[in-house]
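Q: I am new to this structure. Can you walk me through how to read its features?
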Amino acid sequence: MKDNTSRSTATTALQDPIFPEGIEGCIGNTPLFKIKSLSDATGCEILAKAEFLNGAGNSPKDRVALSIINMAEADGLLTPYSGDTIYEGTVGSTGISLAAICRARGYLAHICMPDDQAKEKSDLLEKLGAEVERVRPAPIVDQNQFVNRARNRAAEHTADPNRRGRGIFADQFETQANWQAHFNGTGPEIYTQTGGRLDAFVTGAGTGGTISGVARFLKPRLPKLKVVLSDPQGSGLFNKVKYGVMFDPKEREGTRRRQQVDTIVEGIGINRVTSNFEAGRELIDDAVRVSDEQAMAMARWLVEKDGIFVGSSSAVNCVAAVKVALQMGPGHRIVTILCDSGMRHLSKFWARVGPIGGKDDVTLDDVLNAATKQNGLVEKPNQEWGV
Ligand SMILES: Cc1ncc(COP(=O)(O)O)c(C=O)c1O
């Protein structure tokens, strides 16, 4: 019988096996696979880096968490089983990766996250034994904003003589360990897996670590490569890349909804420039904006056409990859990132997506025009929001 499993490495000649060392050994070397429906529909090869298959916390943040912990250990800041605790402000993914690796290494994790994020992420953190603080969404100038809260909690821990161990602030938005994890892992893997032939790399930015690290690795080797930011509605990064200013019309005083970034998408989109975004900003050639409706339509498409069940940021990436493919024309190769599974988004994003499997005549145009039809956000659909 034909073996269709591309990950199968079975051979008849037995060699001494090399086993991954612990759960950390299951991080990285994720598959890069072709999304068949999007490739067929665009005439391009649209390839997805399956970062949700990272083995500890099941997202690209495994690479970052490992890099942060390795760096702190190398600096002599952490002692296993001493009560040393890693504090982080995160919308979830980084916290989940940190919590898992902390367990494996003998540290504790304390995670501060906005209380408007999907509940399954904080439930999972608790099951990993992390302490979780869900805080009200607030601007970065507020000391109770989730990142500031984590930094302050780490300092309080270290200053308290009655507490075991010390507090270490992971600082994913600003630490160089973040983009370096992608420079050392994700970027080289994409380069090798594509045989050094790709025309565009498309991904969103939360901290900016992924886009900066991958761009810094690939651009010197592939000078013609286009690096494109995919940005959800409400995020200021699209305008920062296109026009050099951080402004979104929906951010005008009095028009903002409760969330910091006015979108149902979790994990990407931000309204400040972080050190990790800045590390690669000049290497980003273009930006594509994606509406919530387009992201939901794409999430549904990926399940219905390909059986791929992913979270909201992955759906945004795929919409942007399609827009880039249509701009570039057939025959190009585009790589994007599938960040996490839809299971982490069941109660929020997927609850809004609606029933699956009902229609089999959906076209890519329907996905790309979803914003135009549903919420009237678009005045010029073929410019910013459309193709
Ligand atoms: C689900 C998800 N997708 C994408 C990203 C963005 O990655 P980066 O922080 O490297 O920009 C994040 C960041 O936390 C995330 O949680």
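A: Start with a rule for sorting residues. Ala, Val, Leu, Ile, Met, Phe, Trp, Tyr, Cys and Pro count as nonpolar. Asp, Glu, Lys and Arg count as charged, and the others, Gly among them, as polar. Keep in mind that this is a predicted model.

Q: By class, how many nonpolar, polar and charged residues does the shell around the ligand have?
A: The shell has four nonpolar, twelve polar and two charged residues. In total, 18 residues surround the ligand. The closest are Ser93, Gly206, Thr210, Gly267 and Cys339. Helix H3 (93-105) and helix H7 (209-221) are the elements that give two or more residues to this shell.

Q: Which domains does the shell around the ligand draw at least three residues from?
A: Domain 1 (23-53 + 176-375) and domain 2 (61-169) each supply at least three.

Q: What order do the six strands of the open sheet have?
A: Read across the sheet: S1-S2-S10-S7-S8-S9, with mixed pairing. Strand S1 (32-34) and strand S9 (286-290) stand at the edges. Each has a single partner strand, so one side of each is left without a neighbour in the sheet. From one strand to the next, the twist averages 25°.

Q: In which sense do S1 and strand S2 pair?
A: S1 and strand S2 (residues 45-50) are antiparallel, over three bridges. Leu32 stands opposite Lys49 in S2.

Q: Which helix lies across S2, strand S7, strand S8, S9 and strand S10?
A: That is helix H11 (residues 312-328). H11 runs at about 170° to S10 (333-338).

Q: Is strand S3 buried on one of its faces or on both?
A: Both faces are covered. Thr85, Tyr87 and Gly89 are buried on one side, Ile86 and Glu88 on the other. S3 pairs with strand S4 (residues 108-114) in the parallel sense, over five bridges. In that pairing, Tyr87 stands opposite His110.

Q: What is there to learn from phi?
A: Most residues other than glycine have a negative phi. Asn29 has a positive value, near 50°. Asn58 is also positive, with phi near 60°. Asn29 lies in the segment before S1. Asn58 lies in the loop between S2 and helix H2 (61-74).

Q: Why does Asn58 count as buried?
A: Count the neighbours. A residue is buried if 20 or more other C-beta atoms lie within 10 Å of its own. Asn58 has 21, so it is buried. Asn29 has 14 other C-beta atoms within 10 Å, so Asn29 is partly exposed.

Definitions and conventions
Residues numbered from 1 in each chain as written. Predicted model: local features only at pLDDT ≥ 70, side-chain atom pairs only at ≥ 80, totals over all residues. Pairing = 2+ DSSP bridges. Helix = DSSP H or I, 4+ residues; strand = E, 2+ residues; numbered from the N terminus. Axes fitted to C-alpha atoms, helices over the stretch in contact; angles between N-to-C directions. Contact = placed C-beta atoms within 7 Å. Near = placed C-beta within 6 Å. Domains from an automatic or database assignment. Buried ≥ 20, exposed ≤ 12 C-beta atoms within 10 Å, placed from the backbone.
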